[in-house]
Amino acid sequence: MHDTMKESGRTGPSKGSVPEKMKALQYSGPEKFAVVQIDVPQIGDDDVLVKISACGVCGTDLHYHKGEFLAKWPLIPGHEAAGTVAAIGKNVSNVSVGDRVATDPMQPCLSCFHCTRRKPLLCDSLTAFGGNVPGGFAEYCRYPARLVHPIGDLPDLEAVLVEPAACATHGIERMQIEVGSKVLLFGCGPTGILLAQLVKMNGAAHLTIASKGGPKLDLARKMNIADDYIAISDTSPRVQMDALASANPYGFDIVIEATGAPTVLEVALNYVRKGGKLVVYGVYDESVKIAWSPFKIWENEITILASFCSMGHIPHVMEYIKAGKLKLEGVVNKTFRIEEWEECLDVVRRQEVVKAAIAFD
Ligand SMILES: [Zn+2]
Ligand SMILES: [Zn+2]
């Protein structure tokens, strides 16, 4: 098998420099993971083999850890990968061996009910790299060439933000922000920091970030990405939440819930202006239920919308990056080796970092 692959699949100057085996972080089931030595993936004629430099750790990875979402075993997680093209299939023309790239983890089937109705993001049999096929927490990963995008000299730890920024870009499309809008964003994790910048560039006149205090809110302030910053206390959130309401008696045109906390999503509705929109952006546990008053939604003609993931948005993100308009520096503030995954999970769960990434040599 391996020899055939070398003949047909791997071309270019690096031929022979790709090893047979690689290290990967692999799950055999929920919460069961190990660093394993496995074969480097084979590539087909339309594929690219990427030597991973870094891969962002995302809240979704905590869901995969528990076996939720699209998880399929054995699983190599990691869907925010950046690296260097190590080999290309013979039909590949968009990248060359040696190119630095960011990777899009979402591959729609293009033939299901939703795909054939021009809704590939809602594909019923989505291939998700790092979800139901091997992803970027490994030294090498195979991708179809069209999911691989050149990034020039963008540093690795900024390049891992290209995928979350692509998701945020889709969120912006869903919001259809009207000119002069006032926007309230709950949460300023890495995703919130990306969303905030895109909101300000796409129609919002004024942005308030409300989040618990800590390194994430500190960074948001330092990056100067919003107009107002409200630190919500862990112990007595009512005080700041009431102050936020009285300072904005007509509410906000758009309220974005990007914390993933059901209690925040529940109260977020109270901050939506009549005729406004509530954006469900966070990732919640599948079992969670919340209570909203349908009367309030009806009487105030509130639109509730969601943004699930990206679908082909990386080129758009790269335009913002190339134009120097999306600030990414400092968001990833801690890196781990795959051998340190347990420690990484702890740090991410305790929210001691803004964003963590797995780094490789
Ligand atoms: Zn993610
Ligand atoms: Zn499909």
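This is a predicted model: local features need pLDDT of at least 70, side-chain atom pairs count only at pLDDT 80 or more; totals for chains, interfaces and linings use all residues.
Phe-113 belongs to the loop that runs between strand 6 (106-107) and strand 7 (127-128). Asp-124 is eleven residues away from Phe-113 in sequence, and the two C-alpha atoms are 7.6 Å apart in space.

## Overall architecture

The protein chain contains eleven helices and 17 strands. Its radius of gyration is 21 Å, close to the 21 Å that the globule rule gives for 361 residues, so the chain is as compact as a globular protein of that length. Along the principal axes, the C-alpha atoms fill a box of roughly 70 × 40 × 40 Å.

Of the 361 residues in the protein chain, 45% are buried. Among contacts with a separation of 6 or more, 68% are made by residues 24 or more positions apart.

## Annotated domain

An unreviewed UniProt entry places the feature "domain: Enoyl reductase (ER)" at residues 28-358. In the model, this span is 27% helix and 28% strand.

## Packing of helix 4 and helix 10

Helix 4 (residues 162-175) and helix 10 (residues 314-322) have axes that come within 8 Å and cross at roughly 105°. The two helices are therefore roughly perpendicular to each other, because angles of 65 to 115 degrees fall in that category.

On the side of helix 4, the contact is made by Val-162, Ala-165, Ala-166 and Thr-169, while helix 10 contributes Ile-314, His-316 and Val-317. By residue class, the contact of helix 4 with helix 10 comprises five nonpolar residues, two polar residues and no charged ones.

## Backbone geometry in the loops

Most residues other than glycine have a negative phi, and most peptide bonds are trans. The following sites depart from these patterns.

The peptide bond from Trp-73 to Pro-74 is cis, with omega near -10°. Pro-74 is situated in the loop between helix 2 (59-65) and strand 4 (81-88). Phe-69 is also placed in the loop between helix 2 and strand 4. Although Phe-69 is not a glycine, its phi is positive, at about 65°. Phe-69 counts as partly exposed because it has 15 C-beta neighbours inside 10 Å, a number between the limits of 12 for exposed and 20 for buried residues.

Glu-31 likewise is not a glycine and has a positive phi of about 65°. With 10 C-beta neighbours inside 10 Å, Glu-31 counts as exposed.

Leaving aside neighbours within four places in sequence, Pro-30 is in contact with Lys-66 and Gly-67. Gln-42, by contrast, is twelve residues from Pro-30 in sequence, and their C-alpha atoms are 26 Å apart in space.

Not counting residues up to four places away in sequence, Leu-217 touches Cys-188, Ser-211, Tyr-229 and Ala-231. The C-alpha atoms of Leu-217 and Ala-82 are 26 Å apart in space, and the two residues are 135 residues apart in sequence.

Asp-346 is part of helix 11 (residues 341-349). Asp-346 counts as exposed because 11 other C-beta atoms lie within 10 Å. Asp-346 and Cys-112 are 234 residues apart along the chain, with 39 Å between their C-alpha atoms.

Note on methods: Residues are numbered from 1 along each chain as its sequence is written. Chains are lettered from A and ligands numbered from 1 in the order in which they are written. UniProt positions are given in the numbering used here, feature names are shortened, and annotations may be inferred rather than shown by experiment. Helices (H or I, at least four residues) and strands (E, at least two) are DSSP runs, numbered from the N terminus. The radius of gyration is taken over C-alpha atoms; the globule rule is 2.2 Å times the number of residues to the power 0.38. Two residues are in contact if their C-beta atoms, placed from the backbone, lie within 7 Å. Axes are lines fitted to C-alpha atoms, for helices over the stretch in contact, and angles run from 0 to 180 degrees between N-to-C directions. Angles under 35 degrees count as roughly parallel, over 145 as roughly antiparallel, 65 to 115 as roughly perpendicular and the rest as oblique. Ala, Val, Leu, Ile, Met, Phe, Trp, Tyr, Cys and Pro count as nonpolar, Asp, Glu, Lys and Arg as charged, and the others, Gly among them, as polar.
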